[in-house]
Amino acid sequence: MNVYELAQKYYPKLWDRTRIEALAAAGKLTEDQAREITQEPNAE
(Lines give C-alpha, C1' and ligand atoms only; values in the text may rest on other atoms or scores of the structure.)
Protein backbone atom coordinates (compact mmCIF):
# COMPACT_ATOMS: atom_id res chain seq x y z
CA MET A 1 0.00 0.00 0.00
CA ASN A 2 1.17 3.50 -0.73
CA VAL A 3 0.59 6.57 1.44
CA TYR A 4 -2.48 7.63 -0.53
CA GLU A 5 -4.15 4.24 -0.07
CA LEU A 6 -3.30 4.22 3.63
CA ALA A 7 -4.71 7.71 4.07
CA GLN A 8 -7.95 6.68 2.37
CA LYS A 9 -8.19 3.63 4.60
CA TYR A 10 -7.39 5.33 7.91
CA TYR A 11 -9.10 8.73 7.53
CA PRO A 12 -10.99 9.63 9.72
CA LYS A 13 -10.90 6.57 12.01
CA LEU A 14 -7.20 6.61 12.88
CA TRP A 15 -5.82 9.67 11.08
CA ASP A 16 -7.35 13.10 11.48
CA ARG A 17 -7.30 16.02 9.07
CA THR A 18 -4.12 17.35 10.67
CA ARG A 19 -2.31 14.11 9.81
CA ILE A 20 -3.49 14.30 6.18
CA GLU A 21 -2.31 17.93 5.97
CA ALA A 22 1.07 16.96 7.45
CA LEU A 23 1.47 14.24 4.82
CA ALA A 24 0.67 16.76 2.10
CA ALA A 25 3.13 19.28 3.54
CA ALA A 26 5.82 16.60 3.62
CA GLY A 27 5.22 15.81 -0.04
CA LYS A 28 3.80 12.36 0.63
CA LEU A 29 0.40 13.40 -0.74
CA THR A 30 -0.50 16.03 -3.29
CA GLU A 31 -2.84 18.84 -2.28
CA ASP A 32 -5.46 17.36 -4.61
CA GLN A 33 -5.18 13.97 -2.94
CA ALA A 34 -5.48 15.57 0.51
CA ARG A 35 -8.60 17.46 -0.57
CA GLU A 36 -10.10 14.32 -2.07
CA ILE A 37 -9.49 12.33 1.11
CA THR A 38 -10.85 14.98 3.44
CA GLN A 39 -13.49 16.07 0.91
CA GLU A 40 -12.88 19.69 1.69
CA PRO A 41 -12.36 22.47 -0.84
CA ASN A 42 -9.05 23.52 0.74
CA ALA A 43 -6.68 21.25 2.72
CA GLU A 44 -4.49 24.02 4.11
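1. Thr38 is buried, with a relative accessible area of 8%, where buried stands for under 20% relative accessible area, exposed for over 50% and partly exposed for what lies in between (1.4 Å probe, protein chains only). Thr38 belongs to helix α3, and helices here are DSSP runs of H or I with at least four residues, strands being runs of E with at least two, numbered from the N terminus. Leaving aside residues up to four places away in sequence, Thr38 touches Tyr11, Arg17 and Ile20, contact being defined as heavy atoms within 4.5 Å. The C-alpha atoms of Thr38 and Tyr11 are separated by 7.7 Å, although the two residues stand 27 residues apart along the chain.

2. The basis of these remarks is a predicted model, in which local features need pLDDT of at least 70 and side-chain atom pairs count only at pLDDT 80 or more, while totals for chains, interfaces and linings use all residues. Residues are numbered from 1 along each chain as its sequence is written, and side-chain values use heavy atoms, with hydrogens and water left out.

3. As to the overall layout, the secondary structure of the protein chain amounts to three helices and zero strands, giving the pattern α-α-α when read along the sequence. Of the 44 residues in the protein chain, 27% are buried. Among the contacts between residues at least 6 apart in sequence, 31% join residues at least 24 apart.

4. After α3 comes Gln39, which has a positive phi, near 55 degrees.

5. In helix α2, which spans residues 17–25, the buried residues are Ile20, Glu21, Leu23 and Ala24. They cover an arc of only 160 degrees around the axis, which puts them on the same side of α2. The exposed residues Thr18 and Ala25 are carried by the face of α2 that is turned away from its buried side. Both α1 and α3 are included in what covers the buried residues of α2. Gly27 follows α2 and has a positive phi, near 85 degrees.

6. Two packed helices are described by the angle between their axes and the distance between the axes. For α2 and α3, the axes come within 9 Å and cross at roughly 165 degrees; axes are lines fitted to C-alpha atoms, for helices over the stretch in contact, and angles run from 0 to 180 degrees between N-to-C directions. The two helices are therefore roughly antiparallel to each other, on a scale where angles under 35 degrees count as roughly parallel, over 145 as roughly antiparallel, 65 to 115 as roughly perpendicular and the rest as oblique. The contact is made by Arg17, Ile20 and Ala24 of α2 together with Glu31, Ala34, Ile37 and Thr38 of α3. By class, the residues of this contact divide into four nonpolar, one polar and two charged, with Ala, Val, Leu, Ile, Met, Phe, Trp, Tyr, Cys and Pro counted as nonpolar, Asp, Glu, Lys and Arg as charged, and the others, Gly among them, as polar.

7. Helix α1 (residues 3–10) and helix α3 (residues 31–38) pack at an angle of about 20 degrees, and their axes are 10 Å apart. That makes α1 roughly parallel to α3. On the α1 side Tyr4, Ala7 and Gln8 take part, and they meet Gln33, Glu36 and Ile37 in α3. The contact of α1 with α3 has three nonpolar, two polar and one charged residues.

8. The loop between α1 and α2 deserves a separate look. Pro12 is found in this loop, and the peptide bond from Tyr11 to Pro12 is cis, with omega near -5 degrees. Trp15 also lies in the loop between α1 and α2. Is Trp15 buried or exposed? At 16% relative accessibility, Trp15 counts as buried. Not counting residues up to four places away in sequence, Trp15 touches Leu6, Ala7, Tyr10, Ile20 and Leu23.

Conventions: Arc of directions from axis to C-beta.
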